[in-house]
Every structure is written in structure tokens, then in C-alpha cells.
Amino acid sequence: MRIGELSERTGVSRRMLRYYEEQELIASGRCANGYRDYPEPCVDRVQQVRGLLDAGLSTQTIRRILPCLGPPGRIDIPNPTPETIALLELECARMSERIGQLTRNRDAMTAYLAEVRRAAPAEPGEPAA
């Protein structure tokens, strides 16, 4: 499939797909006219990469664990090295810290919104708070 179809099917921009390829996160063949040609499994791979990037992993880390990724949501490392285990532990710790930060930010925003709503004048026809 061409880059446009892969973009449509995954919701990832063409520019970002080219970046993924540059970072060796996905691969394409080339048609005779030079256009990129992506195999069907690239759809799942792009979704995995997007999820890992959203989780805060670097492209370098993702490139290291890509060979261990099976179907979406599964990591299969038959003989993990101590370095691989340490890398995954570090990434889990980073994710936990990020979750903590997001939770604190969400709680602060929720409290702020509650305060704003209490202080806001009632809309016409609504009872006052």
C-alpha cells in the first residue's frame, strides 16, 4: 500500500510515517516509480509505534524492542539480556512517573474547574449554586 493509504488507515500523517521510516521503526519497499510500498503488517506496526511513543518511549528504545513485538499489545522476549530487562524497568518507571504527573495535573484542573463553576454566576433560569 502507498503512504497515503497507510496514513488514512492509521491516522498518522505522511510526514510522521516518513519519520518512522527514517528512524527504522517501519520499512517500505520501493515501486518502479520510486513510491514507497508498505506491506499490510505495517498497519499494526504503526499503531504499536504510535502507542509506544504516546506512552513516552523514545524512538531509540522502540527500535530496540521492535523485534520483540508480536501482535498489538504483546511483547515477547524469549531470552532477555540484563540490558533489555534494565531498559524495560527504566521505561516502566518513567511511565509510572508520567502517570503520576498526569494524575496530579488532572486533579488540579478538576479542582480549578469546580472552583470556577462555584464562582460563576448562574445562567438565566438555573438555580444559583
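**A helix pair and its setting**

A: The protein has five helices and two strands, and this is a predicted model. Read from the N terminus, its elements follow the order α-α-β-β-α-α-α.

The pair to examine is helix α1, residues 3–10, and helix α2, residues 14–22, which pack at an angle of about 105° with their axes 9 Å apart. Because angles from 65 to 115 degrees count as roughly perpendicular, α1 is described as roughly perpendicular to α2. On the α1 side the contact is made by Ile3, Gly4, Leu6 and Ser7, while α2 contributes Arg14, Leu17 and Arg18.

Elsewhere in the chain, Thr59 lies in helix α4, which covers residues 59–65. Thr59 is buried, since its relative accessible area is 15% and buried means under 20%. Leaving aside residues up to four places away in sequence, Thr59 touches Tyr19, Gln23, Leu25 and Leu53.

As for the whole protein, its radius of gyration is 22 Å, whereas a compact globule of 129 residues would have one near 14 Å. The C-alpha trace spans about 70 × 45 × 20 Å along its principal axes. Buried residues make up 26% of the 129 residues, and the accessible surface comes to about 9,100 Å², with 54% of it belonging to carbon and sulfur atoms. Among contacts with a separation of 6 or more, 47% are between residues 24 or more positions apart.

Technical notes. Residues are numbered from 1 along each chain as its sequence is written. This is a predicted model: local features need pLDDT of at least 70, side-chain atom pairs count only at pLDDT 80 or more; totals for chains, interfaces and linings use all residues. Side-chain values use heavy atoms; hydrogens and water are left out. Axes are lines fitted to C-alpha atoms, for helices over the stretch in contact, and angles run from 0 to 180 degrees between N-to-C directions. Helices (H or I, at least four residues) and strands (E, at least two) are DSSP runs, numbered from the N terminus. Angles under 35 degrees count as roughly parallel, over 145 as roughly antiparallel, 65 to 115 as roughly perpendicular and the rest as oblique. Contact means heavy atoms within 4.5 Å. Buried means under 20% relative accessible area, exposed over 50%, partly exposed in between (1.4 Å probe, protein chains only). The radius of gyration is taken over C-alpha atoms; the globule rule is 2.2 Å times the number of residues to the power 0.38. Accessible areas come from the Shrake-Rupley method with a 1.4 Å probe; for residues, only the protein chains shown count as cover.
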